[in-house]
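Dear colleague,

I am handing over the structure we spoke about, and below it you will find my notes on what turned up when I went through it. Please read them with the structure open beside you.

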Amino acid sequence: MSTWMKKLSGAARPALVLLSATACATGLGACGSARHSHGMDERQGMPALVKEPPPPPTSDVPVPARPQEKAFGARYATPEQCEVAARALLPTARDQAWASLRSCVERTHFTHLKSLLADAWAEELRVRPDAARLIAQVVAKRGGSVPGELALLHERRVPIFALSDAIAQPDIYKGRYLLLRAQVADVRSDEKQPTVWLVEQSLGSVAREQGVGVTSRRDWKSGQLGGPASGGGALSAWDSETYATTVPRYDNLSDETGREALGRLPGVDPFFAPGKDFVVLARFDGLRATSSGDEAEEDAPRLPVLSIVSYFPPHPLVVY
């Protein structure tokens, strides 16, 4: 018997027994089933409570299964189906919806920039820290025609800007995101952070003719001369014609815009190699005088300095 039981007066004990009996009689305690849900402590003579698991929550709204971020995009045959499925998660699970959308972009050839910029994702694009990176990845998959894509972004008030904007007004655009198509000209790793020399590229196209179907050729004899007058000889002429069906094809052609920049990488990256084009997302850090100029001189030649956030190789086909 425990100490607190010993201290109870003799008059109080019958009251406890009476209270227990009353509870059983009025149905407030399931005395018959107590042995199934309680363990007995023989030393105290009182039931030791065993915590039972809480009942499952009841709700009319089904709880969506948590998608695996890397596998979600592989479940759908097309990027459109994947984006629709991710959007359906927004009302009940916004974090899961965003993770699913990321998987759609990474695991499919997602080129639907207008779907990404639709009203359904507007709030996510505003608050998600990786939203700009996701947009840059979609732009690269669409071919990397940056000026046209920036026009679409600005229609939806997405704060990502061009390198030309930052050069023209460096004080306004300092610290903001820039998106550019650039070729790596040189990489230097003699500082704490590797520095890359970026040459901005514009994207155009060149037309060519590509043959389709079967090419046919026709040869025939156009004339023949012979007989004694010709000294017993003969003269023959042959002509030929070739028929082929062609269709116009256009290949992307990048060309320098004349603008250059210095980009800072967080670490050495062997895939960010010279001679290749990339769609680059970066923060604008301001203008810096070149080695041939002095910072104190207002007219000294200056280069924009960028902190590179991410980069993606552009797809060879352009989506308009």
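I begin with helix H8, which spans residues 131–141 and is largely enclosed by the rest of the structure, because 10 of its 11 residues are buried. Please keep in mind throughout that this is a predicted model. The buried residues of H8 include Ala131, Ala132, Leu134, Ile135 and Ala136, and the list goes on through Gln137, Val138, Val139, Ala140 and Lys141. After the helix comes Gly143, whose phi is positive, near 115 degrees.

The next topic is the aromatic side chains. A pair of aromatic rings is described by the distance of the centres and the angle of the planes, and the structure holds 6 such aromatic pairs. In one of them, the ring centres of Phe272 and Phe278 are 4.9 Å apart while the planes stand at 40 degrees, so this pair is tilted. Phe272 has a relative accessible area of 2%, and since buried means under 20%, this residue is buried; Phe278, with a relative accessible area of 4%, is buried as well.

Phe278 also pairs with Tyr311, and here the arrangement is edge-to-face, with 5.1 Å from centre to centre and 85 degrees between the planes. Because Phe278 lies in strand S7 and Tyr311 in strand S8 (residues 302–312), this pair ties together parts that are 33 residues apart in sequence. Tyr311 counts as buried at 19% relative accessibility, because the cut-off for that class is under 20%. Taken together, Phe272, Phe278 and Tyr311 form one aromatic cluster.

A further ring takes part in an arrangement with a charged residue: Arg283 lies over the face of Tyr177, at 4.2 Å from the ring centre.

Finally, I looked at Pro266, which is placed in the loop between strand S6 (235–264) and strand S7 (277–289).

With best regards

Methods: Residues numbered from 1 in each chain as written. Predicted model: local features only at pLDDT ≥ 70, side-chain atom pairs only at ≥ 80, totals over all residues. Heavy atoms only, no water. Helix = DSSP H or I, 4+ residues; strand = E, 2+ residues; numbered from the N terminus. Buried < 20%, exposed > 50% of the residue type's maximum accessible area, 1.4 Å probe, protein only. Phe/Tyr/Trp six-rings, centres within 6.5 Å; stacked < 30°, edge-to-face > 60°. Lys NZ or Arg CZ within 6 Å of the ring centre and 35° of its normal.
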